[in-house]
Amino acid sequence: MNQPCSCTIIGGGLIATAGALTMERQGIAVTVVTRAPPPIGGDSIVWSYGDVSSNAARAAVEGTDCVVYAAGSLGPATTLATVHGAITEEILPVVQIAERAARAGTKTFVFISSGGTVYGPAAPIPTTEDASTAPINIYGSVKVLTEMALLEVGRKYGITVVILRISNPYGPGQSGTRRLGFIAAAIKASLTRQPIVIWGDGSATRDFVFIDDVGAALAAAACYRGSSAVLNIGSGQEMSLIDVCNIVSSTGSAPLEIRFDMGRAFDVPRSCLNIDRAAAVLGWQPEISIEEGIARTMSKFL
């Protein structure tokens with residue numbers, strides 16, 4: 001693995017910011033192209049306003065060693081008017097910026113995919129990267145199609161493409177709305193003495209990974225110069241939503257009230273990733289337990 005001189009990150013959300021701050025600490029020159037305001041910290045990071053189709057993004061991928069794509073407007077609950085719109089708005093711009101970066105000499109292109117949605121409900125647990133992809137919502141389908149297209153870009157132009165299938169990231173920086181993460185929503189509900197709503201009976205499981213560990217995975221992928229790879233990024237631990245609520249209750253100052261609602265068709269019943277390949281390829285492993293991660297996240301809400 002070679003330390004890159006520079007990296008451009010497209011996107012300014014939780015994952016992109018964590019990656020940028022980790023890379024900065026490692027001495028990597030980082031440019032972030034985003035429509036979100038920059039966070040506190042990251043004084044040496046160059047923040048540029050724009051999206052993947054902007055002049056700022058096109059300029060930022062010129063002459064950089066690595067490009068990380070961590071943007072996107074879809075989520076598992078998203079409904080779209082047409083599949084054509086999803087392909088046009090979510091896939092084509094990523095492929096176009098990847099080809100532009102490859103022609104400009106970029107060595108590694110990293111794409112943030114979804115370990116929680118691409119495999120589908122029948123995947124064996126824990127799920128390896130060799131399991132069949134069978135998404136049950138448009139978000140997972142778009143991720144799989146983008147992965148395939150980017151791997152073709154890698155083959156055509158001879159650059160390294162790294163697909164990071166991230167499970168369920170959480171941590172400081174999430175607002176506590178259900179659209180942006182269950183753990184943050186449970187913490188916010190606990191601190192405001194409001195009930196948390198669980199769709200289903202609470203037995204659904206997820207693989208929750210702390211955002212600092214995700215940032216470390218992005219930095220490791222940016223440094224990678226080997227063969228293209230698809231890698232799971234998670235904690236490797238299966239945790240039910242009820243178990244998460246119990247940890248939040250024990251960490252906070254009051255029990256968390258839980259209300260149950262009907263399950264949703266686009267949610268997989270179980271999710272847990274095998275992360276051995278990321279350890280072998282990138283030398284990456286998660287370091288933060290869910291108990292510590294919840295405590296850290298809760299402290300930022302106080």
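## Working through a predicted fold

Glu-129 has a relative accessible area of 8%, so this residue counts as buried. Keep that in mind for the first exercise; note too that the model is a predicted one.

**Exercise 1.** Work out which residue forms a salt bridge with Glu-129, and where the two partners sit.

*Solution.* Start with the charged atoms: Glu-129 pairs with Arg-277, and their closest N and O atoms are 3.7 Å apart. Now place them. Glu-129 is in the loop between S5 and H4, while Arg-277 belongs to helix H8 (residues 276-282), so to speak a link between distant parts of the chain, 148 residues apart. Next, check the cover: Arg-277 has 28% relative accessibility and is partly exposed, whereas Glu-129 is buried at 8%. Finally, look for shared partners: salt bridges join Glu-129, Asp-130 and Arg-277 into one network.

**Exercise 2.** Compare the salt bridge of Lys-107 with Asp-65 to that of Arg-296 with Glu-292.

*Solution.* Take Lys-107 and Asp-65, with closest N and O atoms 2.9 Å apart. Lys-107 is in the loop between H3 and S5, and Asp-65 in the loop between helix H2 (55-60) and S4, so the pair ties together parts that are 42 residues apart in sequence. Asp-65 is buried at 13%, but Lys-107 is partly exposed at 41%.

Then turn to Arg-296 and Glu-292, where the closest N and O atoms are 2.7 Å apart. These two are four residues apart in helix H9, about one helical turn. Arg-296, at 32%, is partly exposed, and Glu-292, at 35%, is too.

**Exercise 3.** Find the strands at the edges of the seven-stranded sheet.

*Solution.* Write down the order: S3-S2-S1-S4-S5-S6-S11, an open sheet with parallel pairing. Read off the ends: strand S3 (46-49) and strand S11 (229-233) each have a single partner strand, so one side of each lacks a neighbour in the sheet. For a look inside the sheet, take S4 (residues 66-69) and S5 (residues 108-114), joined by four bridges; Val-68 has Val-110 in S5 as its bridge partner.

**Exercise 4.** Decide whether helix H5 (residues 182-191) is largely enclosed or left open.

*Solution.* Count first: eight of its ten residues are buried, so H5 is largely enclosed by the rest of the structure. Among the buried ones are Phe-182, Ile-183 and Ile-187. Then ask what covers them: the list includes strand S7 (168-170), helix H7 (241-251) and helix H9 (290-301). Just past the helix, Arg-193 takes a positive phi of about 60°.

Methods
Residues are numbered from 1 along each chain as its sequence is written. This is a predicted model: local features need pLDDT of at least 70, side-chain atom pairs count only at pLDDT 80 or more; totals for chains, interfaces and linings use all residues. Side-chain values use heavy atoms; hydrogens and water are left out. Two strands pair if DSSP finds at least two bridges between them. Buried means under 20% relative accessible area, exposed over 50%, partly exposed in between (1.4 Å probe, protein chains only). Contact means heavy atoms within 4.5 Å. A salt bridge is a side-chain nitrogen of Lys or Arg within 4 Å of a carboxyl oxygen of Asp or Glu.
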